[in-house]
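Below is a protein chain, followed by questions about the words used to describe it. Each answer sets a value against a definition.

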Amino acid sequence: MAFTKQTISNLLNQHPLLIDKAIELIGENQTSDELGSRHTKYENGIGFTASYGTIGTVLYQFVTGRDCRRPGHPVRWKPKSLITDGDVLDRTRDMRRFKSRNPHYAQSTPREIAKMIAVLHWRQLGGLLDRSNWVKPPAIATTQQPQTIVVRYTRIVRETARAVLLEKVDNEGIAWERWLPKSMIITDLGQGQLEIKRPA
């Protein structure tokens, strides 16, 4: 199979799930600081071009589950597919902003936009011709933090229908008060401890 722009376009048409892999391959060619800032800064011939640096990074985060704003770009979310979950991405602020700034994409789906970006950057997608690159096990969130934390408090100062005001006295005798929404509380562990959802 010859490696041409038309070959890549036909491959993406025949196997739409490869659009996710194509965006991942291009995104991995971006430098770390380009991913973090969501802007293409260097003319190094790889990664997303300057005009697609922002939306390309958004697509990359969507298909890999990586948080590009954090050091090391840890896997923070479950990776999604532009083919099956693209409608979720279509409702995000980033996609709406991209479409408003580029009216000719206003009626395009995230999948169509990603395919167009992949075909535009076809020279970086030689890895798609090797079928062993097609199936990749899902990313494992090795650096993902626990989903719950334990909060210690001295006493409950006030309680409403939606929240609890907790007081905690630190080692220096200073009392701190903190409102905690009841929707975050998972379990009352007793002895002045609550297990809560980790704040974002």
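A residue is called buried when its relative accessible area is under 20%, exposed when it is over 50%, and partly exposed in between, using a 1.4 Å probe and protein chains only. Buried residues make up 36% of the 200 residues in the protein chain here. The model is predicted: local features need pLDDT of at least 70, side-chain atom pairs count only at pLDDT 80 or more, and totals for chains, interfaces and linings use all residues. Residues are numbered from 1 along each chain as its sequence is written, and side-chain values use heavy atoms, with hydrogens and water left out.

Q: Why is Phe98 called buried?
A: Phe98 has a relative accessible area of 8%. Buried means under 20%, so Phe98 counts as buried.

Q: What makes Tyr105 count as buried or exposed?
A: The relative accessibility of Tyr105 is 11%. That value falls under the 20% limit, and therefore Tyr105 is buried.

Q: How do you know that Phe98 and Tyr105 form an aromatic pair, and why is the pair called stacked?
A: Rings of Phe, Tyr and Trp (its six-membered ring) pair if their centres lie within 6.5 Å; planes under 30 degrees apart count as stacked, over 60 as edge-to-face and the rest as tilted. The centres of Phe98 and Tyr105 are 5.4 Å apart, with 20° between the planes, so the pair is stacked. The structure holds one aromatic pair.

Q: Why is Pro16 called partly exposed?
A: The relative accessible area of Pro16 is 23%. This lies between the 20% and 50% limits, so Pro16 is partly exposed.

Q: Where is Pro16 placed, and what is in contact with Pro16?
A: Pro16 sits in the loop between helix H1 (5–14) and helix H2 (18–29). Helices are DSSP runs of H or I with at least four residues, strands are runs of E with at least two, and both are numbered from the N terminus. Neighbours within four places in sequence aside, Pro16 is in contact (heavy atoms within 4.5 Å) with Ile83 and Arg111. Pro16 and Ile83 are 67 residues apart in sequence, yet their C-alpha atoms are 7.0 Å apart in space.

Q: How many helices and strands does the protein chain have?
A: There are seven helices and six strands.

Q: Why is the protein chain called more spread out than a compact globule?
A: The radius of gyration, taken over C-alpha atoms, is set against the globule rule, 2.2 Å times the number of residues to the power 0.38. The radius of gyration of the protein chain is 23 Å, well over the 16 Å that the rule gives for 200 residues, so the chain is more spread out than a compact globule.
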